[in-house]
Amino acid sequence: MTASHLLVPVPIPDRVAALIGSCIPPHILRAEFDAACAAREVRSFRGPRLCDEDRADREQALSELARANKILAAHHPRLAVRPGSSW
């Protein structure tokens, strides 16, 4: 009986990642990459006192994340990326 939160992440070899990537449609891979980048950008804009430009950039990143998540969730509901998640 193993708890999933106790597992240590293991790096995936490049050949295995390429094999997995070849089984997934290209638009899903692109959406996954876009969602991960947008979530990383959303996390970078933290704090209660953001200037107007930072708030606009954060909203833009949230919009891009929502767009990518819509594509990912249509493929499989558990693929959606959250801004606060470790993935």
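**Pocket lining and helix packing**

In the predicted model, the lining of the largest pocket consists of four nonpolar residues, with no polar and no charged ones. The residues concerned are V10, I12, A17 and I20. The volume of this largest pocket is about 150 Å³.

Helix packing was examined next. Two packed helices are described by the angle between their axes and the distance between the axes. Helix α2 spans residues 26-44 and helix α3 spans residues 52-75. Their axes come within 8 Å of each other and cross at roughly 150°. Because angles over 145 degrees count as roughly antiparallel, α2 is roughly antiparallel to α3. The crossing of the two helices is left-handed.

On the α2 side, the contact is formed by H27, I28, A31, E32, D34, A35, A38, A39, E41 and V42. Helix α3 contributes D57, R58, A61, L62, E64, L65, A68, N69, I71, L72 and H75. Classified by residue type, the contact between α2 and α3 comprises 12 nonpolar, three polar and six charged residues.

Note on methods: Residues are numbered from 1 along each chain as its sequence is written. This is a predicted model: local features need pLDDT of at least 70, side-chain atom pairs count only at pLDDT 80 or more; totals for chains, interfaces and linings use all residues. Side-chain values use heavy atoms; hydrogens and water are left out. Axes are lines fitted to C-alpha atoms, for helices over the stretch in contact, and angles run from 0 to 180 degrees between N-to-C directions. Helices (H or I, at least four residues) and strands (E, at least two) are DSSP runs, numbered from the N terminus. Angles under 35 degrees count as roughly parallel, over 145 as roughly antiparallel, 65 to 115 as roughly perpendicular and the rest as oblique. A crossing is left-handed if the near helix is turned anticlockwise from the far one by less than a right angle, and right-handed if clockwise. Contact means heavy atoms within 4.5 Å. Ala, Val, Leu, Ile, Met, Phe, Trp, Tyr, Cys and Pro count as nonpolar, Asp, Glu, Lys and Arg as charged, and the others, Gly among them, as polar. On a 1 Å grid over the protein atoms alone, a cavity is a set of points where a 1.4 Å probe fits but cannot get out, and a pocket is an open set with protein on both sides within 12 Å along at least five of seven lines; lining residues have an atom within 4 Å of a point. Grid points are joined across faces, edges and corners, and a volume is the space filled by probe spheres set on the points.
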